Amino acid sequence: MAKDDDWEELARRQSRKRRPLKRDKKRSIEEQLDSDFERNEQNEFVRDLEEKSSKYAWMKEKRYSTMFRDIEEKIQGAMGTGSFDWVDRRVFDQVFDRLTLMALYKLMKTGVIDTLDFPVARGKEAHVFHGTSLSGEPVAVKIFHTSNAVFKNLVQYIEGDPRFTGLRRKHRDLVEVWVRKEHRNLTRLARWGLNVPLPRGIHKNVLIMDYLGTEQSPSPKLRDVLIDDPQSVYDDLIEFLAVSWQKANLVHGDFSPYNILWHDGRAKVIDVGQGVVESHPKSQEFLVRDVTRLVEWGKKNNLDVDLAEAMYEVLNMDLSHVKQIELPEEWN
């Protein structure tokens, strides 16, 4: 992308790139084909932006062009400079709109994050990117979509929650409420020592939290891992549900192997945005569903588990050993 945020200048640069170059005779046919393919992809990207020039006209305004120049290099890893087959103009269109870029700008200027490095996950509600903090630590940057109507189907998890009253039905408002909800749920669970990624920062539709994975890839989902000792994992997760209900007064709401990662030899629970407090009118219904999914996972892993017994354990487990902990002030 052009440093001056002017798509016409970008197009001119790409046009110059299309001029024939003196090629090294030693280059293989495969290398030349790869180079041509990459150039065609870049040209198509520019043409697409030109066709949507009115959509991106805001980037030419002085107040936004200055902002974008400040962070352009810091988000290159999330916009295609890597071997990620789904990082293309569609991701740019879907994720990096004006308000999202402004939110990232705010988080970068306040020192919460330094760079966006590469994508690690995508879903209906959000894309997740590997980021780096100013101190060099890896972080997960979860960017919630602002251009679709997915969140209208999730109102049932917000309405009835006393923490979020006076809910407005505009899509952007729903998105921001959802992000705040996930941040507060993570904080609430982490205070009781539960194994969730710690929240690091939040602004508008962007949530920063612990990154779970290696430098090459994110940690796998529980559903994709062959567990050597499923009984210990089951016991760990049944206690998670018990502590959530009895101590944190919270229900996850979507407790499936898709929303649990296998990280450092232990199950780590993610995607808690739909979590509801105990006073929510559907909290008991969601709790039964969560326990049911855990029991189903146990049975798939050849455990002798029963839903009625699991429910009794969640409701009556002795948790006298569980104490609330203090989180770093900046993460609250």
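Reply: What follows sets each value against its definition.

This is a predicted model, where local features need pLDDT of at least 70, side-chain atom pairs count only at pLDDT 80 or more, and totals for chains, interfaces and linings use all residues. Residues are numbered from 1 along each chain as its sequence is written, and side-chain values use heavy atoms, with hydrogens and water left out.

Me: Why are H7 and H8 called roughly antiparallel to each other?

Reply: The axes of helix H7 (residues 230-246) and helix H8 (residues 283-300) cross at roughly 175°. Angles over 145 degrees count as roughly antiparallel, so H7 and H8 get that label. Their axes also come within 10 Å.

Me: What makes the contact of H7 with H8?

Reply: Contact means heavy atoms within 4.5 Å. On H7 the residues include Val233, Leu237 and Trp245. On H8 they include Leu287, Leu294 and Trp297. The contact residues divide into 12 nonpolar, 3 polar and 1 charged. Ala, Val, Leu, Ile, Met, Phe, Trp, Tyr, Cys and Pro count as nonpolar, Asp, Glu, Lys and Arg as charged, and the others, Gly among them, as polar.

Me: Why is the pair of Phe96 and Phe129 called tilted?

Reply: The structure holds 2 aromatic pairs. Rings of Phe, Tyr and Trp (its six-membered ring) pair if their centres lie within 6.5 Å; planes under 30 degrees apart count as stacked, over 60 as edge-to-face and the rest as tilted. Phe96 and Phe129 have ring centres 5.7 Å apart and planes at 45°, so this pair is tilted.

Me: What does the pair of Phe96 and Phe129 tie together?

Reply: Phe96 sits in the loop between helix H4 (89-95) and helix H5 (98-109), and Phe129 in strand S2, so the pair ties together parts 33 residues apart in sequence.

Me: What makes a space a cavity, and what makes it a pocket?

Reply: On a 1 Å grid over the protein atoms alone, a cavity is a set of points where a 1.4 Å probe fits but cannot get out. A pocket is an open set with protein on both sides within 12 Å along at least five of seven lines. Lining residues have an atom within 4 Å of a point.

Me: Which residues line the largest cavity?

Reply: Leu237, Phe255, Ser256, Pro257, Ile260, Arg293, Leu294 and Trp297. H8 gives the most, with 3 residues. The cavity holds about 40 Å³ of space.

Me: Which residues lie nearest the centre of the largest pocket?

Reply: Lys142, Tyr258, Asn259, Ile270 and Asp271, out of 38 lining residues. The pocket's volume is about 940 Å³.

Terms used
Axes are lines fitted to C-alpha atoms, for helices over the stretch in contact, and angles run from 0 to 180 degrees between N-to-C directions. Helices (H or I, at least four residues) and strands (E, at least two) are DSSP runs, numbered from the N terminus. Angles under 35 degrees count as roughly parallel, over 145 as roughly antiparallel, 65 to 115 as roughly perpendicular and the rest as oblique. Grid points are joined across faces, edges and corners, and a volume is the space filled by probe spheres set on the points.
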